[in-house]
Amino acid sequence: MISAPQPTFDVESVRRDFPILSQYLPNGRPLVYLDTAATSQKPRVVIEKLTECLEQYNSNVHRGIHQLGDRMTTELENAREKVQRFLGAKDVNEIVFTSGTTMSLNLVAHGWARKFLKPGDEILVNAMEHHANLVPWQLAAKATGAVLKYIPLTGDGRLDLSELDLYLTSRTKLVAVTAMSNVLGTINPIADLARQAHAVGALICVDAAQSVPHSPTDVVASNIDFLAFSGHKLYAPTGIGVLYARQTLLENMDPFLAGGHMIREVHEQSSTWADPPAKFEAGTCPFVEAVALGTAIDYIETLGLNRIAEYEHQLSTYAHQRLSQVPGIRILGPDVAHKGAILSFVVDGVHPHDLSDLLDREGVAIRAGHHCTMPLHDLLNITSSARASLAFYNTTAEVDKLVEALQSARKVFRLK
Ligand code: 7TS
């Protein structure tokens, strides 16, 4: 029997908070947005906050000795405090604003890995990582003589931790791992991995791009050393992201980008650095977007991340049950109990790009391709997959629409 979700909040009223969700597409179809893993839609309060900043007190931060500059700086630092509370970080200075997850991970690969790794050291990764949590480590390994080791995956797309001590050894200096796979949806046991990494003297760097918008995060309780995420997946604008790192790590790391704001003193031949987080925020930071990130956090905290997670899980369970009725479909990744609300799939006899094109004609927006996870697709022996990703603003009716559109696509391809 297919279980219909029982949301503990009014989904229709939440949908009205997101102006784009009531739009009709140029072909006249209502939008069914199932691509939140690529980027989330924005609630009106976030859009209005951007306008408020730009209309009322736009001014560069940490510079102006005038009222506008003071206001903007206060708003920016309030947003940093909201991020600190949201992640459960001890100190507000552990929150570095970046342009996104990719930039945050590159910051660690440059500022920490290139400084501290030595030939023969190991970085432990795995094949489900997004390229953003893989390629920076490949480059850092090349620069330092360190090597990448891979935790194997189980047949159903989870980390195979049964022989972890073969991979996680005293040579391991960093475990780089996603909290939630952007393709398989797999949720990884971050607190356990952190404990085991620390037991051999390694640090853990968590790619939380997909997990932060969908379940509560606590960097202290999980003992996380580095954590990266993007604002645009958290109902905030593009151009803003966060790196959390423990204070002592930030103090000992080298800066990544150099220029204004990140210095203490500049002389003709050398410079000294400002304290973190300024040390890692060279130039004009995306302050308007950072303030809007704070508003996005307020918005989802009002709804409650636990309630969001609960509803998304129910909706994902419903979607898995409905989708698995489509003949010839193979849903990638583990059982719904071990994953977030992401459904990647392949349909026998149809290329994912053709599928997404046909779905798009029905107004259903999904993603197709390798989703920046080529090693994972190699491992699965496929070149691409289709992906529907859900958020708390999606409904069972939209999942039904996806299934209908898939059935119609199969007819177009004359599949039996
Ligand atoms: N890590 C994960 C797990 C991701 O899903 C993404 C983006 C990134 C890192 C990079 O984030 P960015 O904001 O720096 O680009 N993932 C996707 C996706 O799955 N489809 O489009 C972007």
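**Ground rules.** I count a contact when heavy atoms lie within 4.5 Å. The model is predicted, so I noted that local features need pLDDT of at least 70 and side-chain atom pairs pLDDT 80 or more, while totals for chains, interfaces and linings use all residues. Residues are numbered from 1 along each chain as its sequence is written, and side-chain values use heavy atoms, with hydrogens and water left out.

**Entry 1: Lys49.** I started with Lys49, and its place is in helix H2. For helices I rely on DSSP runs (H or I, at least four residues), numbered from the N terminus. Is Lys49 buried or exposed? I use buried for under 20% relative accessible area and exposed for over 50%, with partly exposed in between (1.4 Å probe, protein chains only). Lys49 comes out at 15% relative accessibility, so it counts as buried. Leaving out residues up to four places away in sequence, I found Lys49 touching Tyr57, Glu75, Val291, Ala292 and Thr295.

**Entry 2: the rest of H2.** I then checked the length of H2, residues 44-57. The expected span is 1.5 Å times one less than the number of residues. Which residues of H2 are buried? I listed Val46, Lys49, Cys53 and Tyr57.

**Entry 3: H11 against H13.** Next I took helix H11 (residues 352-361) and helix H13 (residues 396-412), which pack at about 120 degrees with their axes 9 Å apart. Axes here are lines fitted to C-alpha atoms over the stretch in contact, and angles run from 0 to 180 degrees between N-to-C directions. Under 35 degrees is roughly parallel, over 145 roughly antiparallel, 65 to 115 roughly perpendicular and the rest oblique, so I wrote H11 and H13 down as oblique to each other. The contact is made by Leu355, Leu358 and Leu359 of H11 and by Leu402, Ala405, Leu406, Ala409 and Val412 of H13.

**Entry 4: Ala194.** Last, I looked at Ala194 in helix H7 (residues 190-199). Ala194 has 0% relative accessibility, so it counts as buried. Its touching residues, beyond four places in sequence, are Ile204, Ser222 and Asn223. I also noted 7.0 Å between the C-alpha atoms of Ala194 and Ser222, which are 28 residues apart along the chain.

Terms used:
Helix = DSSP H or I, 4+ residues; strand = E, 2+ residues; numbered from the N terminus.
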